[in-house]
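Hi,

Here is the model I promised to pass on.

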Amino acid sequence: MNDQDSNQEYIPARRREQRYSDDPLWKIAVVVYLLQALAIPTSGLMAVAGVIINYLKQDEVRTSPLDAHFRWQIRTFWIALLWAVIGTVTTFLIIGWFILVGLAIWYIYRVVRGALALNDGRAP
């Protein structure tokens, strides 16, 4: 045995860690992130569908590590809706356009960060 082999951790072949993606609700979280990603080109319609799915499945994920993702998705929706209304109402002032651009950047960040965390098997 050489030095390189002694530094590697032994993992038995039969032992299999529970994967995050083995949870059937994981696919639902992925679908909601996809719906949220499609919200910008569809004027928010897909985000509404996603938050409805979140609320319908919320009780099933209460004891799951996916609960953090569902809360993240729900909060992203409501905060974005609030700022979209504020930005839209104030578009006749120049500030509304800046609010909407900032909102778009923030929204994309939230969706990408959440999806990447889900893929890595961790909370957003």
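**What I found**

In the protein chain, 61% of the contacts (heavy atoms within 4.5 Å) between residues at least 6 apart in sequence join residues at least 24 apart. Bear in mind that this is a predicted model, where local features need pLDDT of at least 70, side-chain atom pairs count only at pLDDT 80 or more, and totals for chains, interfaces and linings use all residues. Residues are numbered from 1 along each chain as its sequence is written, and side-chain values use heavy atoms, with hydrogens and water left out.

The chain has five helices and zero strands, taken as DSSP runs numbered from the N terminus (helices H or I, at least four residues; strands E, at least two). Of its 124 residues, 31% are buried, meaning under 20% relative accessible area with a 1.4 Å probe, protein chains only.

Helix 4 and helix 5 (residues 95-120) pack at about 170°, axes 9 Å apart; axes are lines fitted to C-alpha atoms over the stretch in contact, and angles run from 0 to 180 degrees between N-to-C directions. The two helices are therefore roughly antiparallel, the word for angles over 145 degrees. Among the residues in contact are W72, W83 and G87 of helix 4 and L103, W106 and G114 of helix 5.

There's also a nonpolar surface patch of about 480 Å², made by Y55, W78, L81, V85 and V89. Helix 4 (residues 67-89) gives the largest share, four residues, while Y55 sits in helix 3 (residues 45-57).

Cheers

Terms used. Patches are made of residues with over 30% relative accessible area and no salt bridge: like charges are joined within 9 Å, nonpolar side chains (Val, Leu, Ile, Met, Phe, Trp, Tyr) within 5 Å. Accessible areas come from the Shrake-Rupley method with a 1.4 Å probe; for residues, only the protein chains shown count as cover. A salt bridge is a side-chain nitrogen of Lys or Arg within 4 Å of a carboxyl oxygen of Asp or Glu. Angles under 35 degrees count as roughly parallel, over 145 as roughly antiparallel, 65 to 115 as roughly perpendicular and the rest as oblique. Buried means under 20% relative accessible area, exposed over 50%, partly exposed in between (1.4 Å probe, protein chains only).
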